[in-house]
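Visitor: I would like to learn how to read a model like this one. Please take me through it feature by feature.

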Amino acid sequence: MTGHPVTEDLFALAEEALPGVRRRDGGQMRGAALRPQTTVFGDDALPRAHGAS
């Protein structure tokens, strides 16, 4: 099972990388967090980034 970051993890990472930048749309960050978990017909919609299939 793959561990996926949750929205709060991404917000914390963004704050660490870009201190002082305001959040404008939390929905976009949530969509980005959920995208790797998407499946189509039982298969992962997005291949794994590190080359494993």
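Guide: Begin with the order of the elements. This is a predicted model, and from the N terminus on its protein chain runs α-α-β-β. That order is made up of 2 helices and 2 strands.

Visitor: How is the confidence of the prediction read, and which elements have the lowest and the highest mean pLDDT?

Guide: pLDDT is the predictor's confidence in each residue, from 0 to 100. The protein chain averages 77, and 83% of the residues score at least 70. Among the elements, strand β2 (residues 43–44) has the lowest mean, 78, while α1 has the highest, 86.

Visitor: How many of the residues count as buried?

Guide: Burial is judged by relative accessible area, and buried means under 20%. By that cut-off, 6% of the 53 residues of the protein chain count as buried. The chain exposes about 4800 Å², and carbon and sulfur atoms supply 55% of that area.

Visitor: Take one residue as an example. Is Thr-7 buried or exposed?

Guide: Thr-7, found in helix α1, has a relative accessible area of 13%, so Thr-7 is buried. Contacts are the next thing to look up. Leaving aside neighbours within four places in sequence, Thr-7 is in contact with Met-29, Arg-30 and Ala-33.

Visitor: Where is Met-29 placed, and which residues is Met-29 in contact with?

Guide: Met-29 sits in helix α2. With neighbours within four places in sequence again left aside, Met-29 is in contact with Thr-7, Leu-10, Phe-11 and Ala-14. For Leu-10 there is also a C-alpha to C-alpha distance: Leu-10 and Met-29 are 7.3 Å apart in space and 19 residues apart in sequence.

Visitor: Why does Met-29 count as partly exposed?

Guide: Partly exposed covers the range between the buried limit of 20% and the exposed limit of 50%. Met-29 has 22% relative accessibility, so Met-29 counts as partly exposed. Gly-26 is read the same way: this residue, also placed in a helix, α2, counts as partly exposed because its relative accessibility is 30%.

Visitor: How many residues apart in sequence are Gly-26 and Phe-11, and what is their distance in space?

Guide: Gly-26 and Phe-11 are 15 residues apart in sequence; C-alpha to C-alpha, they are 8.8 Å apart in space.

Visitor: Now the pockets. What is the volume of the largest pocket, and which residues line the largest pocket?

Guide: The volume of the largest pocket is about 320 Å³. Its lining consists of Phe-11, Ala-14, Glu-15, Leu-18, Val-21, Arg-22, Arg-23, Arg-24, Asp-25, Gln-28 and Met-29. Two elements give two or more residues to this lining: α1 (7–17) and α2 (26–34). The largest share, 3 residues, comes from α1.

Visitor: How do the residues of that lining divide into nonpolar, polar and charged?

Guide: The lining has 5 nonpolar residues, 1 polar residue and 5 charged residues.

Visitor: Last, the backbone angles. What is to be noted about the phi of Phe-41?

Guide: Start from the general rule: most residues other than glycine have a negative phi. Phe-41 is not a glycine, yet its phi is positive, about 55 degrees. Phe-41 lies in the loop between β1 (39–40) and β2.

Visitor: Is Phe-41 buried or exposed?

Guide: The relative accessible area of Phe-41 is 84%, and exposed means over 50%. Phe-41 is therefore exposed.

How values were computed:
Residues are numbered from 1 along each chain as its sequence is written. This is a predicted model: local features need pLDDT of at least 70, side-chain atom pairs count only at pLDDT 80 or more; totals for chains, interfaces and linings use all residues. Side-chain values use heavy atoms; hydrogens and water are left out. On a 1 Å grid over the protein atoms alone, a cavity is a set of points where a 1.4 Å probe fits but cannot get out, and a pocket is an open set with protein on both sides within 12 Å along at least five of seven lines; lining residues have an atom within 4 Å of a point. Grid points are joined across faces, edges and corners, and a volume is the space filled by probe spheres set on the points. Helices (H or I, at least four residues) and strands (E, at least two) are DSSP runs, numbered from the N terminus. Ala, Val, Leu, Ile, Met, Phe, Trp, Tyr, Cys and Pro count as nonpolar, Asp, Glu, Lys and Arg as charged, and the others, Gly among them, as polar. Buried means under 20% relative accessible area, exposed over 50%, partly exposed in between (1.4 Å probe, protein chains only). Contact means heavy atoms within 4.5 Å. Accessible areas come from the Shrake-Rupley method with a 1.4 Å probe; for residues, only the protein chains shown count as cover.
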